[in-house]
Amino acid sequence: MLTRSIGRLRPHVVRPLRQSALIGQAQGRKLSTLNKLEPKDVEHFATILPKTSILSTLPPIHGSADDLDPFNSDWMGKYVGQSQCVLKPRTTEEVSKIMKWCWERRIPVVPQGGNTGLVGGSVPIGSEVILNLSNMNKIRTFDPISGILVCDAGCILESLSEFLDPHKHIMPLDLGAKGSCQIGGNVSTNAGGLRLLRYGSLHGTVLGLEVVLPDGRVMDQLTTLRKDNTGYDLKQLFIGAEGTLGVVTGVSILTPAAPMAQQAIFLALPSFATLPKVYRAAKRHLSEIISAFEYFDRQSYNLVSGHTGAKALEDSEIGDSQAFVLIETSGGDANHDQEKVNNLLEELYEPADGEEALINSGALSQSADQFASLWAFREGIAEAAGKSGKVYKYDISVPVSEFVNTTNRVRERVGHKVKEVVGYGHVGDGNLHINVIAETYTKEIEELLEPFIYEVVASHRGSISAEHGIGKMKPQHLHYSKDAVSIDLMKKIKQLFDERGIMNPGKVVPM
Ligand code: FAD
Ligand code: 2HG
Ligand code: ZN
């Protein structure tokens, strides 16, 4: 029988790391055609923003370089820039004035949200100005009838969820970095996350955007229309552009009604071999109430358990289970949903074809706390990996049947040169995360992994970036997932919006 006694897990907290390792010095984009920041630029910024909204080592601010460190370094401590100036505008007008000045002076700019990105897109490759959106954090409107929320781009995802809670609505996306990431960053990376299976991608739920273009003009497409077939849908270009085409300053997004009943089901499987059957059975039995189906391997389980001391099940129930699944249901009636879950569990323990049980054991959340604890276990993998060492992160789309083969090929490839390789991901979206944890970042390990992993992905016609983006990490590998014609068009679009190349140079588009 499923155990119902869980609740020893600690809540997951996302904290930016401040480390100084640097892989691959700034290269790529021709930063030389751009101008270096001078004191006169900072003086001008001080006419647009109060001095408290400017961090700079240059006069007239004369700040300390240490104050800029958290903005220059990414969440993994893998990418480190040398910006001498961070600007924190409060309004779209301020962003527009800053961009206009930078455009005229040819000064490169990196838009930055919560700085939780995992591909080095949010930090400079050289000394670009950092335009940090954290002071743009106002809700503009919310319509409880349609569920349409309009807000500033710098609103933190979790704050938006908290705002919606009393209105009985939820954000259509959720991710482990919710306490730090911003909706503008989510849009700019087209973040996927844990609810994509149910609510789809931001390409569908974002209804409108307000964007400051590289030359300072404001593109106002902040509509609240669900239907609008008036020509090219320009806002789609900014969803996933990673700050290379403009600065997203406002977002209009469709928020779903909050489910009346939710449950988390944690399952321990003898091996990955039974997972496809479990997934199919879950889809059949749970149909409209399934809202997430997440997988992680034994190495991931041990990592989180070792790091937090948490256990999703007793050791005796886990036994030598090699694969774990977290299923979430979101429905309108707890009794009705429970019946569906019971039918599913019955089939998993006693398959109709008389085969062996598909699962070893499992746990069902019985309270909001237990629900949160089970999710914290899954969401804690990235943080636990970061606490164990330096992490090479691969975020790929391959057929679900290839999840374990692909992870094992990476394990064999790196052998004892690294501490651990863990595999986990969003089964419902065919998205596998492979985290390779090493003592330190080295060229030797990087060269073992790349392009090896991308070649494996390409052999399945998969994606080298399922949800985290391209950033600084992968422009040179884009061809593994995009053909030459597509890359050529991407370059032309970049040129059209940003012919001076000041917007987040060296990111996404290969040279
Ligand atoms: P940043 O990291 O600040 O920026 C990301 C990119 O967007 C950069 O290129 C930046 O220049 C650009 N950008 C940011 N704001 C703007 C703006 N207003 N206008 C224009 N460009 C902008 N990602 C997923 O997809 N799914 C997950 O499940 C997931 N889980 C995560 C869990 C953890 C613990 C962590 C650390 C990260 C996770 N991520 C995940 C990656 C990351 O959190 C997301 O990509 C997130 O959307 C980034 O938001 P941010 O505000 O931190 O953006
Ligand atoms: C997740 O699904 C995130 O937990 C992070 O996308 C993945 O850190 C990673 O590799
Ligand atoms: Zn993910």
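Into which domains is the protein divided? The protein is divided into domain 1 (139-254), domain 2 (261-368) and domain 3 (389-480). These bounds come from an automatic or database domain assignment.

This is a predicted model, where local features need pLDDT of at least 70, side-chain atom pairs count only at pLDDT 80 or more, and totals for chains, interfaces and linings use all residues. Residues are numbered from 1 along each chain as its sequence is written, chains are lettered from A and ligands numbered from 1 in the order in which they are written, and side-chain values use heavy atoms, with hydrogens and water left out.

**View 1. Domain 2 meets domain 3.** The centres of the two domains, taken over C-alpha atoms, lie 25 Å apart. Domain 2 gives 11 residues to the contact and domain 3 gives 15 residues (contact: heavy atoms within 4.5 Å). The size of an interface is often given as the accessible area lost when the parts come together. Here domain 2 and domain 3 bury about 1,100 Å² between them. Buried area is the accessible area (1.4 Å probe) that two parts lose on being put together, summed over both. Carbon and sulfur atoms hold 62% of the area buried between domain 2 and domain 3. On the side of domain 2, Phe272, Tyr295 and Gln299 lose the most area to domain 3. Together these three make up 45% of what that side buries.

**View 2. A salt bridge links arginine 411 and aspartate 297.** Their closest N and O atoms are 2.9 Å apart. A salt bridge is a side-chain nitrogen of Lys or Arg within 4 Å of a carboxyl oxygen of Asp or Glu. Between domain 2 and domain 3 the count is 1 salt bridge. Polar contacts across this interface join 7 residue pairs, both residues at pLDDT 80 or more. A polar contact is a pair of N or O atoms within 3.5 Å; within protein, one must be able to donate a hydrogen and the other to accept it, and residues adjacent in sequence count only if both atoms are side-chain atoms.

**View 3. Helix H9 (275-286), strand S11 (290-297) and helix H10 (298-308) each give two or more residues to the side of domain 2 that touches domain 3.** Helices (H or I, at least four residues) and strands (E, at least two) are DSSP runs, numbered from the N terminus. The largest share of that side, 5 residues, comes from S11. H10 has buried residues Arg298, Ser300, Tyr301, Leu303, Val304 and Ser305. Buried means under 20% relative accessible area, exposed over 50%, partly exposed in between (1.4 Å probe, protein chains only). Just after H10, glycine 309 takes a positive phi of about 80 degrees.

**View 4. Serine 291 sits in strand S11.** Serine 291 is buried, with a relative accessible area of 0%. The side chain of serine 291 makes a polar contact of 2.5 Å with the side chain of glutamate 328. Another polar contact, of 2.8 Å, joins the side chains of serine 291 and serine 330. Leaving out residues up to four places away in sequence, serine 291 touches residues including Leu194, Arg195 and Thr329.

**View 5. Helix H16 (residues 452-459) has buried residues Phe452, Ile453, Tyr454, Val456 and Val457.** These residues pack against strand S14 (390-397), helix H14 (403-414) and helix H15 (443-449). Arginine 461 follows H16 with a positive phi, near 55 degrees.
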